[in-house]
Amino acid sequence: MFRAGMLSLLLAGGAAVPTASLAQDGASTFEVEELDISNLSGDRVDRSTPRSTVEGFVDSASRQDYERAAAYLDLSDLPDDRRLLWGAQRARQLHEIIKARVWIRWESLPDREDGLDSVASSDEPLAGERRRSLLLGVVDLEGRPVEIRINRYEPEEGDPIWLVSRRTVGYVPALYEVHGPGMIEELLPDVVRQEAFWRIPIWQVVALPLILLVSAFAGYIVYRIMGFAERRLASRQDDGTEKKRWLPQIVHRAATPVALFAGAAFVLILNASLLSFSGPASTVVSIATTVALVVAIALVLLRIVGTVLDIVTDNFVASIGEEENTQSRELITNISVTRRIVIFLALVAGTAAVVAQLNLSRSLGVSLLASAGLLSLILGFAAQTVLGNVLASVQLAIAKPIRIGDAINFEGEWGYVEEINFTYVLVQTWDSRRFIVPVRYFVSEPFENWSIRNPEMTKPIEIKLDPTADIEVLRKQFEAILREDPDWDKREDPKTLVIGNDGWTITVRFYASAANPAAGWNLQCRTREKLYAFLRDECGGRWLPRERHQGMEQNQA
């Protein structure tokens, strides 16, 4: 049937010689030498304005008066002996196409003979301009857009009139083959095919919820099949007959998006072959199924990539808590960057696919351009923090001032970088607390990265003492403490230095080296504790700050 429709389109286009020619630039009509504007029904019709033409066509076709509806079509390309029969047939088919795929914006149809929209805002590109052609909608045909237009024709003898363009009429059979009523709808009685509300037929009001339930059930069946496949694969691994550990994990993670894809595909196939939703129902079904399919495909790809990256992390990345595993920290950071790049590309590709599939670029392009200034202001004020963190995340991914597993010190807290996300960095402190730090902090504020070059570090222990303290005795005691401590790496000799005084006390700093930040922290705490114990027990507290020592004696008295 589709081939027959295309053949009739080619024959009709080839048999007739086009007589319409574009008028000069700025003309408000298509000048034609000859135009067959005979009314097949014999009744008077009003085709003087765009709105009257579209209203007359829709009203006549809704009453199934297709001969009268054909009077609003440019049938000049049809053979004379078939014009009566084919004209009514094209009118019926075009009405079904408009109901199914075109949402007429009645408020945008001018009610003036010259097509000028007197109520259009100044933002409209053709505001205040006379028109000779108006676009009612765009319908997809085998991957290419077909415009549904009405044109203003002016014959040599007679007044200008508005008609559905002959190009649109020529495409009607092919469009009807693709977007016409489905097999089930053609078998329904006329009673249930009548419109209930919002141009939605009664049968669609009943069928849409049922189809959604059936599609959900189909998705559930696919989900159970995926679960069965996962268990079978896992049992084969337990028997030792197969070592592909990644396959059950991929099946498990992809079960939900595959079920979503199956449900959406069921609705799409049913709508394309057996049913044909129209008007608002068609718009809702098209958008919902397209978004669901794109989301499902994107989730499947993301979860496959995520599973592979997790397996690589488990098999090839050693413990990142060990400071000597620099290559492991580098690898897991690169894996995290790859995951974020894949998510970003999937989001961009999915959005582009939805826009392209639904032909949103054609309808949204002018609106986006017209509102670019306002949109820029909104994004500038409302999304500057989020966008700033995302851009900072890209900078971190390229420059790598921090890596997952690095030991850092920021604002007096030190810990390990646990996650690097789009907008924040998760830091686990030494006492198992977790800080959520905005990504921009690490590109705009100074911080210490103890693992950026090598893990070794020297930790200072600072104590305030009375000026009468014997520093040499303390130096020997400090060296003795270090010799017994397992976290001292002997890389550097211990140092004891007096770095300052304030008139009442002196500040003594003891330096000890450790193999990594964790060992250095433990070494620092233990050494400080043992030094104070030596001052208290062996020295009788006499070298502690004089004011504090006198206060203790007064309290004991």
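**Talking through the model**

Trainee: Is D114 buried or exposed?

Mentor: D114 has a relative accessible area of 15%, so it counts as buried. The cut-offs are under 20% relative accessible area for buried, over 50% for exposed and partly exposed in between, with a 1.4 Å probe and protein chains only. Before we go on: this is a predicted model, numbered from 1 along each chain as its sequence is written, and side-chain values use heavy atoms, with hydrogens and water left out. Local features need pLDDT of at least 70 and side-chain atom pairs count only at pLDDT 80 or more, while totals for chains, interfaces and linings use all residues.

Trainee: OK, and which side chain meets D114 in a salt bridge?

Mentor: R112, at 3.0 Å from N to O. R112 has 36% relative accessibility, so it counts as partly exposed. A salt bridge here is a side-chain nitrogen of Lys or Arg within 4 Å of a carboxyl oxygen of Asp or Glu.

Trainee: How many salt bridges by this rule?

Mentor: The count is 17. One of them joins R144 to E142, with the closest N and O atoms 3.8 Å apart. E142 is exposed at 54% relative accessibility, and R144 is partly exposed at 32%.

Trainee: What about D489, which side chain does that one meet?

Mentor: R491, in a salt bridge of 3.2 Å, N to O. D489 is partly exposed at 26%, and R491 is also in the partly exposed class, at 38%. Then there's a network: E413, D431 and R433 are joined by salt bridges that share partners.

Trainee: Changing topic. How many helices and strands does the chain have?

Mentor: 17 helices and 15 strands. They're DSSP runs numbered from the N terminus: H or I with at least four residues for helices, E with at least two for strands.

Trainee: Why call α4 largely enclosed by the rest of the structure?

Mentor: Because 14 of its 19 residues are buried.

Trainee: And the largest nonpolar core, which residues have the most contacts inside it?

Mentor: F57, L73 and L175, in a core of 37 residues. Elements giving two or more residues to it include α2 (50–62), α4, β4 (144–155) and α5 (166–179). By nonpolar core I mean a set of buried Ala, Val, Leu, Ile, Met, Phe, Trp, Tyr and Cys residues joined through side-chain atoms within 4.5 Å.

Trainee: Which residues is L73 in contact with?

Mentor: Leaving aside neighbours within four places in sequence, the partners of L73 are F57, G87, R90, A91, L94, L163, V164 and V169. Contact means heavy atoms within 4.5 Å. There's also a second, separate core of 23 residues, which includes L474, L482, A514 and F534.

Trainee: Where is Q64 found?

Mentor: In the loop between α2 and α3. At 53% relative accessibility, Q64 is exposed.

Trainee: On to sheets. What's the order of the five strands in the open sheet?

Mentor: β11-β10-β9-β8-β12, with antiparallel pairing. Two strands pair if DSSP finds at least two bridges between them. β11 (434–438) and β12 (448–449) each have a single partner strand, so one side of each is left without a neighbour in the sheet.

Trainee: How many bridges join β8 to β9?

Mentor: Four, between residues 407–410 and 413–420. I408 is opposite G415 there. β10 (424–429) and β11 have five bridges, with V425 opposite V437. Those two strands form a hairpin with four residues between them, and S432 in the turn has a positive phi of about 70 degrees.

Trainee: And which residue in the turn between β14 and β15 has a positive phi?

Mentor: G503, at about 95 degrees, in a hairpin with four residues between the strands. β14 (495–501) and β15 (506–514) are antiparallel over six bridges, and N501 has I506 as its bridge partner.
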